[in-house]
Amino acid sequence: MTAKKIKIKVYRDLMGANDLWASKTRALLKARGIAMLNLISSPGSGKTTLLEQTAALLATRLRFAVLEGDVATTHDAERLARLGVRVSQLLTSGACHLEAKLVHRALLDLPLDALDLVIVENVGNLVCPAEFDIGENAKVAVLSVTEGEDKPLKYPLLFREAKVVVLTKIDLLPHLPFSLPKCLEYIRKVNAALPVIQVSAITRNGMTPWVDWLAAQHRSRIG
Amino acid sequence: MHEVSICENLVTTVLKELAQGGKGAWRLKKTRLVVGLLHQIVPESLTFAYEVLTKDTPAKGSVLEIRLVPIVARCRVCGWKGEIHDSLFVCGACSGGDLETIAGKELFVESLEVEEHDG
């Protein structure tokens with residue numbers, strides 16, 4: 001018996017299967033004029049609170065639904081459902097990010113003909129969700145001022161991929177050592193063109209530019 | 001976590017390729033993977049995940065070789081091209097920030113080294 005060594009050229013992208021589902025989602029949403037946004041942040045950055053306040057302001061402007069990604073529990077989905085938001089919970093059972101196939105299936109359960117916008121709240125994590133295309137129009141990096149201002153330098157992929165940064169909890173700035181100019185400088189160094197919207201979901205400061213940005217995403221989708 | 005999910009896709013891809021050789025005809029010796037530095041993968045974690053996930057498969061005992069690709073960007077304003085360090089996407093010539101990433105996002109299986117048995 002002889003053994004012959006062979007080199008097999010493969011050149012296969014590891015995201016291939018995921019990207020296929022993402023492109024199916026993109027086609028599905030495009031045909032219906034729906035915009036989809038993918039909110040990515042650390043745990044505790046205030047995504048759900050931001051969405052609670054967003055719901056109140058957006059309700060008169062756009063018909064929207066939230067896909068709530070969590071490792072475990074339905075607490076966040078319940079918070080939004082109490083406000084009358086149409087919300088579906090996606091439990092990843094341990095996985096640290098949402099993948100395109102799961103999102104696609106969840107979308108098919110939504111009344112798509114009655115929607116203008118889908119906001120996906122990804123699992124709280126700055127690394128993995130940035131890797132996975134879920135068929136969104138834009139990734140939104142949510143960063144809170146209670147985190148280190150150098151997060152953009154530590155997690156460059158997210159800040160390269162995102163189309164906007166929402167800087168949350170700015171009402172806390174007077175009480176924190178967080179340097180706003182430094183944070184903005186770090187964001188610029190990673191991605192000079194990235195717009196930053198500063199908000200406080202508690203005082204509602206900055207909520208209007210954020211909601212306007214959301215509405216613009218839908219307009220560019222149907223335009 | 002990150003490395004495990006990536007490795008799951010890797011092992012699925014590798015097993016699919018191996019199956020093309022016919023049942024048990026190819027014995028995998030080495031998998032060559034190319035990873036851009038933007039993915040922030042810890043090679044040791046990926047290697048460990050590979051060992052665990054291939055354990056009860058035809059790819060068992062094979063070695064994972066990871067080639068890391070530096071992040072390279074090009075300035076859309078002045079045409080400068082260079083490596084990016086410490087996440088600073090700033091042009092090395094004109095100090096502008098309008099840079100396009102041209103390398104560093106790779107994540108693919110380049111090749112497999114197999115032994116084919118006959119006779």
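How many residues does the contact take from chain A and from chain B? Keep that in mind while you load this predicted model. The contact takes 34 residues from chain A and 37 residues from chain B.

**Stop 1: the interface**

Show both chains and colour them separately. The size of an interface is often given as the accessible area lost when the parts come together. Between chain A and chain B, about 3,300 Å² is buried. Carbon and sulfur atoms give 59% of that area. Now select Ile8(A), Leu14(A) and Arg160(A). In chain A, these residues lose the most area to chain B. Together they account for 22% of what that side buries.

**Stop 2: chain A as a whole**

Chain A has nine helices and eight strands. Its radius of gyration is 19 Å, close to the 17 Å that the globule rule gives for 223 residues, so chain A is as compact as a globular protein of that length. Along its principal axes, the C-alpha trace of chain A spans about 75 × 45 × 35 Å.

Next, look inside. Buried residues make up 54% of the 223 residues in chain A. Take the contacts in chain A between residues at least 6 apart in sequence: 75% of them join residues at least 24 apart.

Chain A exposes about 9,700 Å², and carbon and sulfur atoms supply 52% of it. Then colour by charge. Chain A has 29 positive and 22 negative charges, and their mean positions are 7 Å apart.

**Stop 3: Arg204(A)**

Select Arg204(A). This residue sits in the loop between strand E8 (196-198) and helix H9 (207-222) of chain A. Check its backbone. Most residues other than glycine have a negative phi. Arg204(A) is not a glycine, yet its phi is positive, about 70 degrees. With 47% relative accessibility, Arg204(A) counts as partly exposed.

**Stop 4: Leu112(B)**

Bring chain B back and select Leu112(B). Its place is in strand E6 (residues 107-118) of chain B. Is Leu112(B) buried or exposed? Leu112(B) is buried, because its relative accessible area is 0% and buried means under 20%.

Show its surroundings. Setting aside residues up to four places away in sequence, Leu112(B) touches residues including Ile6(A), Lys7(A), Ile8(A) and Val10(A). From chain B, its contacts include Val14(B), Glu17(B) and Leu28(B). Ile8(A) is one of the residues you selected at the interface.

Now draw a C-alpha to C-alpha distance to Gly92(B). Leu112(B) and Gly92(B) are 20 residues apart in sequence and 37 Å apart in space.

**Stop 5: Ser5(B)**

Select Ser5(B), in helix H1 (residues 2-19) of chain B. Ser5(B) counts as buried, at 6% relative accessibility. Which residues is Ser5(B) in contact with, leaving aside its neighbours within four places in sequence? They are His97(A), Glu99(A) and Phe132(A).

**Stop 6: the loop between E4 and E5 of chain B**

Select Val90(B). This residue lies in the loop between strand E4 (81-83) and strand E5 (99-103). Val90(B) is partly exposed, with a relative accessible area of 29%. Beyond its neighbours within four places in sequence, Val90(B) is in contact with Lys189(A), Trp80(B), Ser95(B), Gly96(B) and Leu99(B). Its C-alpha is 30 Å from that of Ser45(B), which is 45 residues away in sequence.

Finish on Ser95(B), one of those contacts. Ser95(B) is found in the loop between E4 and E5. Ser95(B) is not a glycine but has a positive phi of about 65 degrees. Its relative accessible area is 56%, and Ser95(B) is exposed.

Technical notes: Residues numbered from 1 in each chain as written. Chains lettered and ligands numbered in written order. Predicted model: local features only at pLDDT ≥ 70, side-chain atom pairs only at ≥ 80, totals over all residues. Heavy atoms only, no water. Helix = DSSP H or I, 4+ residues; strand = E, 2+ residues; numbered from the N terminus. Rg over C-alpha atoms; globule rule 2.2 N^0.38 Å. Buried < 20%, exposed > 50% of the residue type's maximum accessible area, 1.4 Å probe, protein only. Contact = heavy atoms within 4.5 Å. Areas by Shrake-Rupley, 256 points an atom, 1.4 Å probe, with all protein chains shown as cover. Lys, Arg positive; Asp, Glu negative; His and termini not counted. Charge placed at Lys NZ, Arg CZ, Asp CG, Glu CD. Buried area = accessible area lost by both parts, 1.4 Å probe.
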